[in-house]
Amino acid sequence: MAKSKSAYSDPGKKGKLDTHVIVVWVDNEAGVLARVAGLFSGRGYNIESLAVAEVDPKRGISRITIVTTGTPQVIEQIKLQLGKLVPVHKVADFMRGDKKIIFKEMALLKVVGNTSKRKKALKVCKKFNPVVLDKTQKSVVLQITALRREIDIIMGDLKKFGLVSVSRTGAVAMTRGSEIFK
Amino acid sequence: MSKLYSGAEIVFKCMEDQKVEFIFGYPGGAVLPIYDELKNHDGIKHILARHEQGAGHAAEGYARSCGKPGVVLVTSGPGATNVVTALTDAYMDSIPLVCISGQVPTHLIGTDAFQECDTTGITRPCTKHNWLVKDVKDLAKTIHKAFEVATTGRPGPVLVDIPKDIQFQKAKYTNFKKQKKLNGKSNNRFSQKDIDKLIDMMSKSNQPIFYTGGGVINSGPKASEKLRELISITGFPITSTLQGLGSYPGDDSQFLGMLGMHGTYEANNAMHDCDLMINIGARFDDRITGKIDEFSPKSKKVHIDIDPSSINKNVKVDLPIVGDVSDVISLLIKTIKKNKPNFLKSNKENTSKWWEQIAKWRSVNSLNFINSDKTIKPQFAIQRLYELTKNKDTFITTEVGQHQMWAAQHYKFDKPNRWMTSGGLGTMGYGLPAAVGVQIAHPDKLVVDIAGEASVLMTMQEMSTAVQYSLPIKIFILNNEYMGMVRQWQELLHEKNYSESYTAALPDFVKLAEAYGCVGIRAKTPDELDQKIQEMIDVKKPVIFDCLVDKEENCFPMIPSGKPHNQMLLGPNDQKKNKITGKGKTLV
């Protein structure tokens, strides 16, 4: 490595990256999403996907679900930094793949093609409870809910059957059983 | 029906309830209703700065020297953008500031109106929190919340943006009661178990060190008293960060001096070789740790901090203790006294070898420099300033650069809140306005800004503020005509290519002082220095002191970047001995 001429130290060794799902409960007020997103961009953290909506209109609480990657140290920092924001009530964090947690993403898929192609497309999606939201002589709009990588695969598979447009949400998460996020 | 107050009146009602005595600010279109209201509130004095950045730094100097939050009042647009540097500075150094900014009327927000900017958007990353008040009914609640956020937990700046129409609208005001219970973000959540574990680690250690920082100062004067007691009952050595100077007496035998990039040889080597490091209110900043992978490899590390996100951020620690420094130390002392009354005695044997090693490092005398009888050495100037002012309760502010490091090395502080310097952000131009704020808080004390000629020119206009309010601040400029630290790095790292670091056409500082209506003094030789410094101290007016120093002096010792603590560059004496030339310098 070339000798650094920086006043700052050289970057240390990079640790192993894990993917985590971070759930944040915030006051639903102006700018709160910008605060959370700004914290990620300002500190160089990565946002893979983001889903946000109000879940408690009475108390004005929104739930933000963020999928992010980082070393264990970075993930810890993300949680602590989020916890410092004034409108943040609580922060929960899970490894992606945690068996106790359900993760789901939704995708809308538009397929344009003849009847046979459209039928085949529907068949490909079968495993993920496809719902036909719109149908014409030459097109169909499907809704599926699945994991991110499953949707990735389906998108690949549908290409040959005339997939022309995809719209996807970020992941949302919930614990299995009677437990709730603490 | 209870009385209705205008938004502007509510701003002052809140400030009165928060016991605000001074506002540092600058008027403009979008805050005129608030400025109009000023005349009705005798208890609050407005200090008119000459630039919003100056107002912000003055509020920081005020806050740091007296422990109360500094209040800044600026207008919309350029008023708000000018204060951003001061807000960021306060954010980095954890200084409580409450900034109130005017905004264009609500119906014009988003229309690119005259002097409109997205103030809350711009200041979001440099405040603990900020608010845009869109309803006058929320105003009082928001301002009180702003004071609470700024002063609790790890302190920091906040901003309340108030559109002009809100300042005119009317609402009720209910008197504010200070909540006893602080908000959930204050995080005092350590337990007796943590303390017991710490004492266990302390009694097993043979090479311990305390590494203390600005958190001790921020925790209040009691924390510094407790720290002194803790050091005396443990007999451990202590080193301090730049921000922590003054929390422990600088001339005490257990004090190893400042650590870090320009810290002493003994402090940095002790940090590297220790087996137990107890960090109290410091944050393992990169100027402290040097190369992270080789930072203090043999030690167990304990970190006491009120901000949980400071722990394990840069350096993984073995025992985190989240809490207010003052409370943690108090319980620590109490427990030691109760459970280990003989701690000091047993510990003396444990650490005797360690102290011998420290004595060896000390004998290197790393702050030494080669003095001259022809030119004033900057270190010598600070030493003389210290000797001539140490018997007064002197407050020192600095700008940023070599002079700042020399001040930290050679001026010995023995009380907290006497040392105001921009450490985290490293803001050139901080010291002069900060001195204004310090002098406001302590009108009868001696306030000296140890400055460089380049830094001080960035906020020189604030001399006019000092003159307006008869603030006898002393601007002690170590004038080497270079941006000294830039020049030093260029000498050591960039083959002496002094690219743009020399300031030609500097003003005549003595005449400049006279132009501002204050006193100018110039010292050119070492033998006239004492007499001139005394003259500066005796004048009851603001002074600009132009101290012409050696132009090529470098600041040592120095940990080259990317190096661990035990590979320091020492001063010129050492370089002759070790021949750190050519090749060695490229390692910097």
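1. Two strands pair if DSSP finds at least two bridges between them. Strands (E, at least two residues) and helices (H or I, at least four) are DSSP runs, numbered from the N terminus. This is a predicted model: local features need pLDDT of at least 70, side-chain atom pairs count only at pLDDT 80 or more, and totals for chains, interfaces and linings use all residues. Residues are numbered from 1 along each chain as its sequence is written, with chains lettered from A and ligands numbered from 1 in the order in which they are written.

2. Start with the hairpin in chain A. S2(A) and strand S3 (residues 61-70) of chain A are antiparallel, with 7 bridges. Ser49(A) faces Val67(A) of S3(A). The hairpin has 4 residues between its strands, and Gly60(A) has a positive phi near 65°.

3. S2(A), residues 49-56, is hardly covered: of its 8 residues, the buried count is 0. A residue is buried if 20 or more other C-beta atoms, placed from the backbone, lie within 10 Å of its own; 12 or fewer make it exposed, and anything in between partly exposed.

4. Chain A has 4 helices and 9 strands. Their order from the N terminus is β-α-β-β-α-β-β-α-β-β-α-β-β. The radius of gyration is 20 Å, well over the 16 Å of the globule rule for 182 residues, so chain A is more spread out than a compact globule. That radius is taken over C-alpha atoms, and the rule is 2.2 Å times the number of residues to the power 0.38. The C-alpha trace spans about 65 × 55 × 30 Å along its principal axes.

5. Burial in chain A stands at 25% of the 182 residues. Of its contacts with a separation of 6 or more, 70% come from residues 24 or more positions apart. Contact means C-beta atoms, placed from the backbone, within 7 Å.

6. Now chain B. Strand S13(B), residues 300-305, has 5 of its 6 residues buried, so the rest of the structure largely encloses it. S13(B) pairs in parallel with strand S12 (residues 276-280) of chain B over 5 bridges. Ile280(B) is opposite Ile304(B). S13(B) also runs parallel to strand S14 (residues 319-322) of chain B, joined by 4 bridges. There, His303(B) is opposite Pro320(B).

7. Which residues of H17(B) are buried? They include Trp406(B), Met405(B) and His410(B). The count is 9 of 9 for this helix, residues 402-410, so it is largely enclosed by the rest of the structure. Packing partners of the buried residues include helices H16 (378-389) and H21 (484-493) of chain B. Strands S11 (255-258), S15 (395-398), S17 (447-452) and S18 (474-479) of chain B are also among them.

Notes. Contact = placed C-beta atoms within 7 Å.
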